[in-house]
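Let's take a walk through a protein model together. Have the sequence and the 3D view ready, and follow along as we go.

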Amino acid sequence: MNKKAVILLSGGLDSATCLAIAKAKGFDCYALSFDYGQRHNAELQAAARVAKALGAIEHRIIKIDLAGFGGSALTDANIAVPVDGVENENEIPVTYVPARNTVLLSFALAWSEVLKAGDIFIGVNAVDYSGYPDCRPEYISAFQAMARLATKVGVEGSSLNIHTPLIRLSKAEIVAEGLKLGVDYSLTVTCYQANDAGEACGVCDACRLRAAGFSAANMADPTRYAK
């Protein structure tokens with residue numbers, strides 16, 4: 001019997017690759033997505049497509065309300081999504097959603113306990129990323145240590161591991177790995193402000209990083225752009 005793993009699946013390029021990697025490692029994959037008040041639902045539709053295409057055992061979408069707090073261009077309509085690139089690389093950009101990965105990992109941790117799954121996969125990246133504090137290796141290590149202290153399975157001595165297979169990869173390396181594993185990137189949506197049809201804006205940081213990754217990998221990006 002394969003081991004179970006919970007995979008955080010946003011519907012974007014990175015999380016789709018992460019799911020493919022977990023499956024290739026032989027895990028039975030349980031995909032978890034969130035309707036957290038983000039600007040669009042196109043990525044959730046993409047997550048459903050990706051979960052089905054990559055053979056997730058189950059895919060759940062959990063509704064939470066991070067938009068109730070706002071504080072991010074992704075959850076607050078009064079804050080514009082930057083379209084001119086990163087202005088100051090020493091500052092955390094306005095697309096950072098306060099405590100998002102901590103919240104999402106906590107939900108994944110809860111489901112993993114119910115499933116008796118000792119593994120959680122998250123597609124964070126510390127190379128081609130936008131300066132988010134909750135994408136760093138030291139953050140993941142700290143969360144894993146906390147999780148082992150705060151859960152029934154951890155206290156009883158069972159292993160609990162948070163996997164970050166993309167954390168040291170460039171975007172081009174992520175694209176290459178996903179294509180090798182058969183990921184259909186036309187199913188994914190990466191844009192911060194995609195329209196209802198899932199068409200990307202082409203100018204936000206997420207679009208820029210994705211396009212640069214495909215270009216560096218010498219591969220065509222199947223992203224559909226709004227006209």
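What follows is a tour of strands, annotated sites and a few individual residues.

This is a predicted model: local features need pLDDT of at least 70, side-chain atom pairs count only at pLDDT 80 or more, and totals for chains, interfaces and linings use all residues. Residues are numbered from 1 along each chain as its sequence is written, and side-chain values use heavy atoms, with hydrogens and water left out.

**Strands and crossovers**

Helices (H or I, at least four residues) and strands (E, at least two) are DSSP runs, numbered from the N terminus. Let's begin with β1 (residues 4-8) and β2, which run parallel and are joined by five bridges; two strands pair if DSSP finds at least two bridges between them. In this pairing, Ile7 stands opposite Ala31 in β2. To get from β1 to β2 the chain passes through α1, and this β-α-β crossover is right-handed.

On to β3: it pairs with β2 in the parallel sense over six bridges, and Tyr30 stands opposite Glu58 in β3. Another right-handed β-α-β unit is made by β2, helix α2 (residues 42-53) and β3.

**The cysteine site**

UniProt, in an unreviewed entry, places the feature "binding site" at Cys191, Cys201, Cys204 and Cys207. UniProt positions are given in the numbering used here, feature names are shortened, and annotations may be inferred rather than shown by experiment. The four are spread over 17 residues of sequence, yet they cluster in space, with a largest C-alpha distance of 7.2 Å.

Cys204 lies in the loop between α6 (171-180) and α7 (205-216), while Cys207 lies in helix α7. Contact means heavy atoms within 4.5 Å. Leaving aside neighbours within four places in sequence, Cys204 is in contact with residues including Val81, Pro82 and Cys191. With those neighbours left aside again, the contacts of Cys207 include Cys191 and Cys201.

Not counting residues up to four places away in sequence, Ala16 touches Leu9, Val50, Leu54, Val183 and Thr188. With neighbours within four places left aside, Asp14 is in contact with Gly123, Leu166, Lys171 and Ile174.

**A serine in a loop**

Ser72 is found in the loop between β3 (58-63) and α3 (100-115). Leaving aside neighbours within four places in sequence, Ser72 is in contact with residues including Ile79, Val94 and Thr95.

Here is how buried these residues are:

| Residue | Relative accessible area |
|---|---|
| Cys204 | 0% |
| Cys207 | 5% |
| Asp14 | 17% |
| Ala16 | 0% |
| Ser72 | 0% |

Note on methods: Buried means under 20% relative accessible area, exposed over 50%, partly exposed in between (1.4 Å probe, protein chains only). A crossover is right-handed if, with the strands pointing away from the viewer, the path from the first strand over the helix to the second runs clockwise.
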